[in-house]
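My entries follow the structure.

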Amino acid sequence: MFKKSMVVAPPSAEFEAVVREPLEEALKVLHELGFEGVELSILNPTRLNLKELEGVLEEYGLEVPALSTGLNYIHYGFSLSSPSLEKRKAAVSRLKEFVDLGEVLGAGVIVGLMRGRLEKEISKDEAYRRMVEGLREVCSYAEGRGVTIFFEPLNRYETQLVNTVDEAIELWEKVGTSALYLLLDTFHMNIEEPVIEDSIIKARGLIGHIHVADSNRYAPGMGHIDFKSILDALRKADYQGYLSAEIIIKPDFRTAAKTTLETLKKAEKEVFKSS
Ligand code: LER
Ligand code: MN
C-alpha cells in the first residue's frame with residue numbers, strides 16, 4: 001500500500017492544480033479523510049512560521065513527503081536556466097532555502113517548473129547547460145544535508161527542457177549525485193510517454209516521488225487513466241514513496257480529495273490482492 005498526500009498551496013497561489021485553502025483547514029480535512037501526508041507548495045520557505053507549521057502537522061498527524069517549489073517560477077520567474085544571471089542565482093539560493101526546510105521536515109525538494117522554459121535569448125543547449133550547472137549546485141548542497149531532490153519531467157507545453165522519463169534518466173546520469181531522484185507525474189506522463197507503465201519500470205530505483213492526477217488533471221477517477229495498471233507498475237518497480245495528488249479541484253476540495261482516495265484505494269486493493 002502507498003501512503004497518500006495532496007498538494008496544498010496558499011490561497012493566493014497562481015497555479016490551479018493545487019488545494020488553495022487556508023493551511024490549517026486543509027490539513028484538518030486531509031486528516032479526517034485518511035491521508036498520511038501533505039505536500040506543501042510554498043513561495044518563500046524563510047518567511048514561514050516553522051513552530052506553527054510543525055504544531056499543525058503534529059496536531060493532524062501528517063508527514064510532509066515533498067516541498068513543491070514551482071510557485072517561485074510562476075510568481076517571480078526564478079529559473080535555473082534563465083538567460084538572467086540574477087534569476088538563476090535567485091533560483092539556486094531559493095532552492096537551497098527549500099533544502100534547509102526539507103532537512104527540518106524530512107521532506108524532499110521538487111525541481112519542476114523552476115528549471116525554467118526555453119527563452120528567446122539563448123539556445124536550448126545553453127539553457128540545458130545552465131540547468132545542469134544549477135542543479136548540480138543544489139544537489140551538492142542537498143547531499144550534505146541528507147535531503148533528496150525530486151526532478152520532474154514536465155509536458156512540452158510547460159517546458160522544452162526534459163519532457164520524458166528517458167530525458168530525465170539522461171539528466172540524472174549527467175548530474176551524477178546521490179541526492180537526485182525522479183518525480184513522475186501521471187498527468188505529464190499521459191501526454192509524453194508512449195506507455196506510462198513501461199516508463200515507470202524503466203525508472204525503477206530512481207523514483208523518489210509520484211504526483212497523481214487523471215488525464216484531465218482532475219482527481220484520479222475523473223478521467224481515463226487506468227490507476228490499477230499504474231499502481232501495479234509502481235509495485236513492480238518497488239516504489240515505496242507517496243502518491244501525492246496534484247490536481248485541479250473540481251467540484252470542491254472535499255469531493256476531489258475523497259474521489260482521489262477512493263480511486264487509489266480501490267486500485268491498490270486489486271493490485272495487492274493479485275500480488
Ligand atoms: C507543473 O505542471 C507540475 O507538475 C509541478 O509539479 C511542477 O512543479
Ligand atoms: Mn507535478
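I count a polar contact as a pair of N or O atoms within 3.5 Å; within protein, one must be able to donate a hydrogen and the other to accept it, and residues adjacent in sequence count only if both atoms are side-chain atoms. This is a predicted model, where local features need pLDDT of at least 70 and side-chain atom pairs count only at pLDDT 80 or more, while totals for chains, interfaces and linings use all residues; side-chain values use heavy atoms, with hydrogens and water left out. Residues are numbered from 1 along each chain as its sequence is written, and chains are lettered from A and ligands numbered from 1 in the order in which they are written.

**Entry: Ser79**

I started with the side chain of Ser79. One of its polar atoms lies 3.2 Å from the backbone nitrogen of Ser81. The backbone nitrogen of Ser82 lies 3.0 Å from a polar atom of the Ser79 side chain. I placed Ser79 in the loop between α3 (71–76) and α4 (85–105). Helices here are DSSP runs of H or I with at least four residues, strands are runs of E with at least two, and both are numbered from the N terminus. Is Ser79 buried or exposed? Ser79 counts as buried because its relative accessibility is 0%. The cut-offs: buried is under 20% relative accessible area, exposed is over 50%, and partly exposed is in between (1.4 Å probe, protein chains only).

**Entry: Ser215**

I looked up another serine. Ser215 is in the loop between β8 (207–212) and α9. Its side chain reaches the backbone nitrogen of His224 at 2.9 Å. Ser215 has 14% relative accessibility, so it counts as buried.

**Entry: ligand 1**

Which residues surround ligand 1? I listed Phe15, Gly112, Leu113, Glu152, Leu154, Glu158, Asp185, His188, His211, Arg217 and Glu246. To be listed, a residue needs a heavy atom within 4 Å of the ligand. By class, I get three nonpolar, three polar and five charged residues in this shell. Next I checked the oxygen atoms of ligand 1. A polar side-chain atom of Glu152 lies 2.6 Å from one ligand oxygen atom. For a polar side-chain atom of His188, the distance to a ligand oxygen atom is 2.7 Å. An N or O atom in the side chain of His211 is 3.4 Å from an oxygen atom of the ligand. The protein covers 99% of the 260 Å² of accessible area that ligand 1 has on its own. I note that the areas come from the Shrake-Rupley method with a 1.4 Å probe.

**Entry: Glu126**

Glu126 lies in helix α5 (residues 124–145). Its side chain makes a polar contact of 2.8 Å with the side chain of Arg129. I also checked Pro83, 43 residues apart from Glu126 along the chain; their C-alpha atoms are separated by 9.1 Å. Glu126 has a relative accessible area of 23%, so it is partly exposed.

Most residues other than glycine have a negative phi, and most peptide bonds are trans. I looked for departures. Val162 has a positive phi of about 70 degrees although it is not a glycine. I found Val162 in the loop between β6 (149–151) and α6 (165–175). Its relative accessible area is 4%, so Val162 is buried. Asp238 also has a positive phi, near 60 degrees. Asp238 sits in the loop between α9 (227–236) and β9. Asp238 counts as partly exposed because its relative accessibility is 46%. Which residues does a cis peptide bond join? Lys250 and Pro251, with omega about -5 degrees. I placed Pro251 in the loop between β9 (242–245) and α10 (253–273).

Technical notes: Nonpolar A, V, L, I, M, F, W, Y, C, P; charged D, E, K, R; others polar.
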